[in-house]
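Please look at the chain shown here before reading on.

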Amino acid sequence: AALLLAFQVRLVMKAHSFIRENVPRVLSSVKDKSGTVHIPRISQYLYFLFAPTLIYRDNYPRNPTIRWGYSGFGVFLFQVLGSLFYAYYIFVRLCIPLFRNSSQETFNLRGLVLCIFNSILPGVLILFLVFFAFLHCWLNAFAEMLRFADRMFYK
């Protein structure tokens, strides 16, 4: 449900940007009664839907080729898979045994506090992994596949 919600929010933000950029152009050309109305093509909108940006432009800077090897798509995909494997390892080694033992004991405040404090470090590690895997690796992999040249994700 959280992934679906994040995907829908992303689509709403992209639709808002698309409308905000194109409606004033269309309205100004109708108001001026000029013969040409610039309406974006479907291919431009589809590229915008998959490009790692939230600001619509008719044209984006593009790389001439896709880099598949080092510092390219393959490395980013490998980093995403490595992050998923490491998150799985953290869950299996640090989280699951902790909560498996706590479910068999009777409830007490001391056990709850110990469980919370013992799960802070794995939770922070997984949070960093999710940010690294999605914001750095996944978005760079999509940017590389689409030959998207403007890689200023962090600014």
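What follows is a short walk through this structure.

The model is predicted, so local features need pLDDT of at least 70 and side-chain atom pairs count only at pLDDT 80 or more, while totals for chains, interfaces and linings use all residues. Residues are numbered from 1 along each chain as its sequence is written, and side-chain values use heavy atoms, with hydrogens and water left out.

Helix α1 spans residues 2-31 and helix α2 residues 42-50; helices here are DSSP runs of H or I with at least four residues, numbered from the N terminus. The two pack at an angle of about 140°, and their axes are 10 Å apart. In the contact (heavy atoms within 4.5 Å), α1 supplies Arg10, Leu11, Lys14, Ala15, Ser17 and Phe18, and α2 supplies Tyr45, Phe48, Leu49 and Phe50. Sorted by class, this contact has seven nonpolar, one polar and two charged residues; Ala, Val, Leu, Ile, Met, Phe, Trp, Tyr, Cys and Pro count as nonpolar, Asp, Glu, Lys and Arg as charged, and the others as polar.

The structure holds zero disulfides, a disulfide being a pair of cysteine sulfur atoms within 2.5 Å. For Cys95, the nearest cysteine sulfur is that of Cys115, 9.3 Å away. Cys95 is buried, at 9% relative accessible area, because buried means under 20% (exposed is over 50%, partly exposed in between; 1.4 Å probe, protein chains only). Cys137 is also buried, at 0%.

Leu127 lies in helix α5, residues 120-145, and is partly exposed at 45% relative accessibility. Its C-alpha atom is separated by 29 Å from that of Ser17, 110 residues apart along the chain.

Notes
Axes fitted to C-alpha atoms, helices over the stretch in contact; angles between N-to-C directions.
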